[in-house]
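User: I would like to learn how to read helix packing, strand pairing and record annotations in a model. Could we work through an example?

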Amino acid sequence: MATFDVWAPRPDRVTLELDGARYPMQRDEANWWHVDVDARPDSRYGFVLDDDDTVLPDPRSPRQPDGVHGSSQRWQPPTAPAPWAGRSVEGATIYELHIGTFTPAGTLDAATEKLDHLVDLGVDFVELMPVNAFSGSHGWGYDGVLWYAVHEPYGGPDALLRFVDACHARGLGVLIDAVFNHLGPSGNYLPRFGPYLSSGSNPWGESINIADDGADEVRRYIIDCALRWMRDFGADGLRLDAVHALVDTTAIHILEELSAETEKLATHLGRPLALIAESDMNDPRTITPRDQGGLGMTAQWDDDIHHAIHTAVSGERQGYYADFGSLQTLAQTLAHGFFHAGTYSSFRGRRHGRPLDIATVPATRLVAYTLTHDQVGNRAVGDRPSQNLTPGQLAVKAALALGSPYTAMLFMGEEWGAGSPFQFFSSHPEPELARATAEGRKAEFAAHGWDADEIPDPQDPATFERSKLNWDEVDQGVHARLRETYRGLIALRRNEPDFADPWLTRLRIDYDESARWIVMYRGTFAVICNLGEAAVTVPVDGEVVLAWEPPSSSGDGGTEIPAQSFAVLRGARATQVR
């Protein structure tokens, strides 16, 4: 005998359809409907609401074998996740990847075959872009509609279990990107059951109801889903998408509530669990512990660091890059975590952010990167920095991010300067939605001066195919050299205590705006970067332990760094007082 239940305050009648037979359900005082019936472990089922004969999937469906428009299937983990002590994400190196384009096959099992590459690279965590069920065969995953199910074309829930176990067997932690701020446009049947959506909206559609009438069950829906990834699949934490879009007017913010429940689960499991927020608010309260009045997130993405590094190296200044670009801005951002910290943002037309107390908040609560799925995929043509910058410039960016005190992150293929783009792609089966997605994408960038014909059609299968990594590049020429450089930088982070120091109060930075060099002092080490197009002499000396192009002694106690290059010196000593 199996119990089927569903929260559905809106319909007056709910019927369970199980393997072709129908059973009326009973409502309780909390608007949950229940029925006990005999069922196989893999039975197909769904719910019929009122007089509409359509069979709808379970909002908490554990599996969707035929996609988000089909019936649900019962599923329980065949075995518990393999024993794993876990590891802390703070100060780690994270590798973000998209299952569908990481390998030619685009499945979790195929991704498992590439894990030894990540182990050799030296990263600590794999961060999966959303693997929840979404409409169509391929997409970024941020338009999920059945958050509890694993996208079937990736291999479904069993494949995710195998992937997580394979990562843990190699010492790799696993983070899963979870989207709780909106629902996708195709296959979203949740509003038929109850008030899952609020009256508000965000850039991706209607907001989730976390503070209006009926919000308690919706909040429970979100928190239970988050805990499921960590408890049932063995994930070591979540990356929480765009938490600034979770508009919560209640006294206990949903992130604070989720943080408390995650901590409780971590205690129960006996291993650390992490919550990494994506937030554009530059609000230190996001990463402040709950007992100090914060939301208790383990860490958060830091776009200011990306913008400061990218603009200083590339020279780009459009859009939200307008306030960045100088070495002074780069130095200030690296030294203080946020650039916009109660300062005027020209892109927003107002003051933005709040200062981070660098004496009490370790740098490891911020995630630094030179590339993410957003920072390449949301460009008009999905072009990577490797398609526009020199190998030396790519190496300099890597040295600035990986040589910093922050928790670090790479985006798949970055480590070898992948030549493939990462474009925005989708596979909506509805012709109207497919057309609207393609036309909307072209119109968005045409408004910023792009030729609409240059914008890839997200619905064209070729857009998806060209976004897949070309693994034949990895061992070729400059790609292999760049990969070895990343390996060296990550090894310094892992093996040298000076690079594990999380306190920005002990970070010292020197730079010369006109000569285009910058130095980060990490204890006895110095990370020297020359962003300019000519060799420069930097007033620092020491033993060279890693470099893109070999530096040389200047003869007066300084070090000459070739153009668009970096060097890491041990026993570093400033030879001039600036």
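**Helix packing, a sheet and an annotated site**

Analyst: In this predicted model, the axes of helix 8 and helix 9 (residues 327-336) come within 9 Å of each other and cross at roughly 155°. Angles over 145 degrees count as roughly antiparallel, so helix 8 is roughly antiparallel to helix 9.

User: What is the handedness of the crossing of helix 8 and helix 9, and which residues in helix 8 and helix 9 meet?

Analyst: The crossing is left-handed. From helix 8, Asp304, Ile305, Ala308, Ile309 and Ala312 take part, and they meet Leu327, Thr329, Leu330, Thr333 and Leu334 of helix 9. By class, this contact of helix 8 with helix 9 holds seven nonpolar residues, two polar and one charged.

User: At what angle do helix 8 and helix 11 pack, and how far apart are their axes?

Analyst: Helix 8 (residues 303-314) packs against helix 11 (residues 391-402) at about 155°, and the axes are 10 Å apart. By the cut-off of 145 degrees, helix 8 and helix 11 are therefore roughly antiparallel. The crossing of helix 8 and helix 11 is right-handed, whereas that of helix 8 and helix 9 is left-handed.

User: Which residues make the contact between helix 8 and helix 11?

Analyst: In helix 8 they are Ile309, His310 and Val313; in helix 11 they are Gln393, Val396, Lys397, Leu400 and Ala401. Five of these residues are nonpolar, two are polar and one is charged. Ile309 is in this contact and also in the one with helix 9.

User: Where does UniProt place the feature "active site"?

Analyst: An unreviewed UniProt entry puts it at Asp241 and Glu278. The two are spread over 38 residues of sequence but cluster in space, with a largest C-alpha distance of 5.3 Å. Asp241 is in the loop between strand 15 (237-240) and helix 7 (254-269).

User: What lies at residues 96-493 according to UniProt?

Analyst: The unreviewed entry gives the feature "domain: Glycosyl hydrolase family 13 catalytic" there. Over residues 96-493 the chain is 36% helix and 15% strand, and the end C-alpha atoms are 18 Å apart.

Technical notes
Residues are numbered from 1 along each chain as its sequence is written. This is a predicted model: local features need pLDDT of at least 70, side-chain atom pairs count only at pLDDT 80 or more; totals for chains, interfaces and linings use all residues. Side-chain values use heavy atoms; hydrogens and water are left out. Axes are lines fitted to C-alpha atoms, for helices over the stretch in contact, and angles run from 0 to 180 degrees between N-to-C directions. Helices (H or I, at least four residues) and strands (E, at least two) are DSSP runs, numbered from the N terminus. Angles under 35 degrees count as roughly parallel, over 145 as roughly antiparallel, 65 to 115 as roughly perpendicular and the rest as oblique. A crossing is left-handed if the near helix is turned anticlockwise from the far one by less than a right angle, and right-handed if clockwise. Contact means heavy atoms within 4.5 Å. Ala, Val, Leu, Ile, Met, Phe, Trp, Tyr, Cys and Pro count as nonpolar, Asp, Glu, Lys and Arg as charged, and the others, Gly among them, as polar. UniProt positions are given in the numbering used here, feature names are shortened, and annotations may be inferred rather than shown by experiment.
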